[in-house]
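Let's work through a few exercises together, one step at a time. Keep the structure open beside you and look for each residue as it comes up.

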Amino acid sequence: MARKKIIAGNWKMNMTPSQAVELVNTLKPLVVNDEVDVVFCVPAIDIIPAMEAARGTNIQIGAENMYFEEKGAFTGEIAPGMLTEVGVKYVIIGHSERREYFAETDETVNRKVLKAFEHGITPIICCGESLTQREQGITIDWIRQQIKIAFLNVTAEQAASAVIAYEPIWAIGTGKVATTEQAQEVCKAIRDCIAEIYDEATAAAIRIQYGGSVSASSAPELFAQPDIDGGLVGGASLKPDFGAIVNYK
Ligand code: PGA
């Protein structure tokens with residue numbers, strides 16, 4: 001069965017609640033496309049107003065982060081049950097900015113992934129290499145390690161429903177998009193790694209996005225690659241361009 005493409009916006013730390021409503025209203029008519037899953041991952045405080053604004057459309061509202069405990073003394077964190085109660089079905093886990101600025105590790109990513117599955121939330125699991133790692137020729141080794149740890153104790157059935165976002169760090173927010181060949185090569189290596197951990201059926205089912213300066217002009221070629229099942233989009237998800245990315249064909 002062909003994998004359904006999934007195109008997700010990552011708003012990062014942008015948009016107040018009223019701005020979020022405005023942006024959803026602007027993008028609503030532009031992102032209509034039943035052939036792809038469309039997700040807006042928004043700041044926690046924007047989730048409820050964005051959901052209300054998106055009601056009745058094909059837009060799913062997701063979260064940008066989640067903690068791996070149920071509740072308790074974890075000041076500033078968001079629990080999985082808080083997300084599910086309002087209907088969140090997707091959460092970004094282990095974005096490179098969270099790894100860099102908030103000390104997330106492959107191990108905490110794994111705990112969050114397990115917790116998301118426990119609550120029926122689909123994790124969008126991020127991985128990606130730095131420029132130094134690419135120049136040293138260790139990209140694939142590095143990504144395989146990130147994937148193997150992220151999927152520790154995850155069942156094949158859970159893995160089949162997961163989303164992986166391959167985002168080379170050097171391409172995030174820099175306008176320097178990876179070449180189609182570079183993106184496809186790593187996304188294929190990720191799929192091979194999933195086949196190695198699980199089996200071919202799981203590898204064939206899992207959806208792998210490319211992220212890093214995706215734009216309306218780069219999306220069509222990227223998303224046409226055999227192992228690229230959509231994108232995780234930062235900057236361009238805050239603009240009408242996102243409509244063109246969702247309707248890339
Ligand atoms: P970008 O961000 O599209 O602005 O490069 C992508 C991301 O960080 O998910």
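**Exercise 1.** What volume does the second largest pocket have?

*Solution.* Before starting, remember that this is a predicted model.
- Step 1: The second largest pocket has about 230 Å³ of space.
- Step 2: Its lining is made up of 19 residues, and those nearest the centre are Gly 173, Ser 213, Gly 234, Gly 235 and Ala 236.
- Step 3: Sorted by class, the lining of this pocket holds ten polar, five nonpolar and four charged residues.

**Exercise 2.** How many residues surround the ligand, and which are closest?

*Solution.* 
- Step 1: There are 13 residues around the ligand, and the closest are Lys 12, His 95, Glu 167, Gly 173 and Ser 213.
- Step 2: Look at Lys 12, where a polar side-chain atom is 2.8 Å from an oxygen atom of the ligand.
- Step 3: Move to His 95, which has a side-chain N or O atom 2.7 Å from a ligand oxygen atom.
- Step 4: Finish with Gly 235, where a polar backbone atom lies 2.8 Å from an oxygen atom of the ligand.

**Exercise 3.** Is Ile 92 buried or exposed?

*Solution.* 
- Step 1: Locate Ile 92 in strand S4, residues 90-93.
- Step 2: Its relative accessible area is 1%, so Ile 92 is buried, the cut-off being under 20%.
- Step 3: Leaving out residues up to four places away in sequence, Ile 92 touches Asn 10, Cys 41, Ala 63, Glu 64, Asn 65, Ile 124, Cys 126 and Leu 232.
- Step 4: Compare sequence and space: Ile 92 and Val 163 are separated by 71 residues along the chain, and their C-alpha atoms are 9.2 Å apart.

**Exercise 4.** Which side chains make polar contacts with the side chain of Asp 227?

*Solution.* 
- Step 1: Find Asp 227 in the loop between helix H11 (219-223) and strand S8 (230-233).
- Step 2: Asp 227 counts as buried because its relative accessibility is 9%.
- Step 3: The Asp 227 side chain makes a polar contact with the side chain of Gln 184 at 2.8 Å, and another with that of Arg 191 at 2.6 Å.
- Step 4: Residues touched by Asp 227 also include Arg 3, Cys 187, Lys 188 and Ile 208.

**Exercise 5.** Why is helix H2 largely enclosed by the rest of the structure?

*Solution.* 
- Step 1: H2 covers residues 47-54, and it is largely enclosed because six of its eight residues are buried.
- Step 2: The buried ones are Ile 47, Pro 49, Ala 50, Met 51, Ala 53 and Ala 54.
- Step 3: These buried residues pack against helix H1 (17-27), strand S2 (36-42), strand S3 (59-63) and helix H3 (80-85).
- Step 4: Following H2 comes Gly 56, with a positive phi near 85°.

How values were computed. Residues are numbered from 1 along each chain as its sequence is written. This is a predicted model: local features need pLDDT of at least 70, side-chain atom pairs count only at pLDDT 80 or more; totals for chains, interfaces and linings use all residues. Side-chain values use heavy atoms; hydrogens and water are left out. On a 1 Å grid over the protein atoms alone, a cavity is a set of points where a 1.4 Å probe fits but cannot get out, and a pocket is an open set with protein on both sides within 12 Å along at least five of seven lines; lining residues have an atom within 4 Å of a point. Grid points are joined across faces, edges and corners, and a volume is the space filled by probe spheres set on the points. Ala, Val, Leu, Ile, Met, Phe, Trp, Tyr, Cys and Pro count as nonpolar, Asp, Glu, Lys and Arg as charged, and the others, Gly among them, as polar. Helices (H or I, at least four residues) and strands (E, at least two) are DSSP runs, numbered from the N terminus. Buried means under 20% relative accessible area, exposed over 50%, partly exposed in between (1.4 Å probe, protein chains only). Contact means heavy atoms within 4.5 Å. A residue is near a molecule or strand if one of its heavy atoms lies within 4 Å of it. A polar contact is a pair of N or O atoms within 3.5 Å; within protein, one must be able to donate a hydrogen and the other to accept it, and residues adjacent in sequence count only if both atoms are side-chain atoms.
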